[in-house]
Amino acid sequence: MKAHYDYIIIGSGFGGSVSALRLAEKGYSVLVIEKGKWYQGKDFPKTNWNLKRWMWLPALRLFGILKLTFLRHISILSGVGVGGGSLVYANTLPKPKSQFFNHGSWSGLADWEKELNPFYETAWEMLGATENKIIGDAEEAMKKLAVEIGKEDKYRSTKVAVYFGEKGREVKDPYFDGKGPTRTGCVACGACMTGCRHNAKNTLDKNYLHLAQQSGVDILAENEVQNIILIGEEDGSEGYLVSFKKSTKIFSSTKSISGDGVIFSGGVLGTIPLLLKLKSSSLPKLSNKVGDDVRSNNESLILNISLDKKKDFSKGIAIGSIIELDENSHLESVKYGAGSGFWRILMMPKVSEKSFFLRIIKLIFKPLSDPIGWMKVLFVRDFAKQSTVLLFMQHLDSKLRFKKGRFGMKSSVSSGVKPTAFIPEADEMAKRHAKITNSKSVAIFTETLTGIPSTAHILGGAVMGENSDEGVIDKDNKVFGYKNMYVCDGSMISANPGVNPSLSITAISERAMSKIVSKNQL
């Protein structure tokens, strides 16, 4: 590493990767600090039973790519590693509908739909977006569901960051005129979310980060930022001292490095705890809005386990199809690769009563309604092959606030309706899908017992606003109160997109970096 950098980026997900490449192209020296590990190809687990490589839980010496976080009002799945959420996400790159651009704290700050349009196009190109070309049993079931509910014209294949090419054949870089790494045609194993072992998934280390390194960007993995101290002036105009230490060792000394600017790109679960910590210590001028306006996609995750052993719902890509149910709601079918049955140990029958007492009663009696069927579900041989995760998402808002707690972050309801795991529209779609696939519906135990919903799309907490009373950052992603400080990750998302947010994070980060002048123009 150098002794000093123009910019230090904390996190290597969609926002951090974009920032690293674009700043390097403008002539700046850049360091990316990532708490997760480098994972490539055969480093990924074959199935999610390999917890050491799949789950991030340092207390148990697990340093994988998926992190589970349980809070009072939400359970969160997030990615860890060089490439951030791209390592575990389901490749899907949908552009939100107009509602996203016209509500929330950023509404009115710009004509977002028009202004972001070229950056969405750039994001699609950089991430190698293309329409899913593999139709398996999971996609066929979704087609039948669309026909049954009269939404056949609203069914479509997803736009995904996958290189299809010729199955299993390695080719020279097909995206960046030979500057990128070799790629291999997708083998339709369905294991996108446990890490692509076949070099077909367009993760960030295959595009933005790969090109950034060629442009001189340094990436420091397995280190977590602990503190940021001002150098000189109170507004940060003379730079910052960033301290960090090893994230994969029990005992590690703290090191520091200086930078003229800092970009927070650790995702909601990385950026918000760090900003809350800094606000109470070295960066007191941070907005009081830090941690506020946290959203999910108001989503529901229901697993349908089929009793039809002739079907294989694991074949294809992680999310190959989507149905637009109405102007506010979407349904996607999600899959894991064969053998990945870890989630089965956390599942209970899906029960949707708001009353805890009634839920427990139903939970007891539901298996008795069809004991043979539920026994088959319990002992299903390959959980992934016979299960479909139904991901239901809505534009509708419910906002949380994250604060520092004695044992980490704690959540409270900020405004709107309290998030719930019981969404009638989602339950109805799951019932219809279950009839088509001869399935039983289950959900993660925290939802059944507590009603707390789960999300893979936690957003907000450092939203845009007209001033520091309304947001943490301005419309160009600059942090209020400090010079050369930005937020470029999911915590900047200032409204509910209602769809998978990776593309929007990429596009908004592209726009933010376009506002920074080249170093030779300073």
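User: What classes of residue line the largest cavity?
Analyst: The lining has 9 nonpolar, 4 polar and 2 charged residues. Here Asp, Glu, Lys and Arg are charged; Ala, Val, Leu, Ile, Met, Phe, Trp, Tyr, Cys and Pro are nonpolar; the others, Gly among them, are polar. This is a predicted model: local features need pLDDT of at least 70, side-chain atom pairs need 80 or more, and totals for chains, interfaces and linings use all residues. Residues are numbered from 1 along each chain, and side-chain values use heavy atoms, without hydrogens or water.

User: Which residues lie nearest the centre of that largest cavity?
Analyst: Cys186, Cys189, Cys192, Cys196 and Ala200 do, out of 15 lining residues. A cavity is a set of points on a 1 Å grid where a 1.4 Å probe fits but cannot get out, and lining residues have an atom within 4 Å of a point.

User: How much space lies in it?
Analyst: The largest cavity holds about 110 Å³. That volume is the space filled by probe spheres set on the joined grid points.

User: How many cavities are there?
Analyst: There are 3 of 30 Å³ or more.

User: New topic. Which way do the residues of strand β2 point?
Analyst: Val30 and Val32 point one way from β2 (residues 30-33), while Leu31 and Ile33 point the other way. All are buried, meaning under 20% relative accessible area with a 1.4 Å probe. In a regular strand, side chains alternate between the two faces of the sheet.

User: In what sense do β1 and β2 pair?
Analyst: Parallel, over 4 bridges, with β1 covering residues 4-10. Pairing needs at least two DSSP bridges. Tyr7 stands opposite Val30. Between the two strands the chain passes through helix α1 (residues 14-25), and this β-α-β crossover is right-handed. Right-handed means a clockwise path over the helix, with the strands pointing away from the viewer.

User: How about β2 and β12, in what sense do they pair?
Analyst: That pairing is also parallel, over 3 bridges, and β12 spans residues 218-220. Leu31 has Asp218 as its bridge partner there.

User: Zoom out. How many helices and strands does the chain have?
Analyst: It has 12 helices and 27 strands. These are DSSP runs, at least four residues for helices (H or I) and at least two for strands (E).

User: What share of the residues count as buried?
Analyst: Of 522 residues, 60% do. The C-alpha trace spans about 70 × 55 × 50 Å along its principal axes.

Definitions and conventions. On a 1 Å grid over the protein atoms alone, a cavity is a set of points where a 1.4 Å probe fits but cannot get out, and a pocket is an open set with protein on both sides within 12 Å along at least five of seven lines; lining residues have an atom within 4 Å of a point. Buried means under 20% relative accessible area, exposed over 50%, partly exposed in between (1.4 Å probe, protein chains only).
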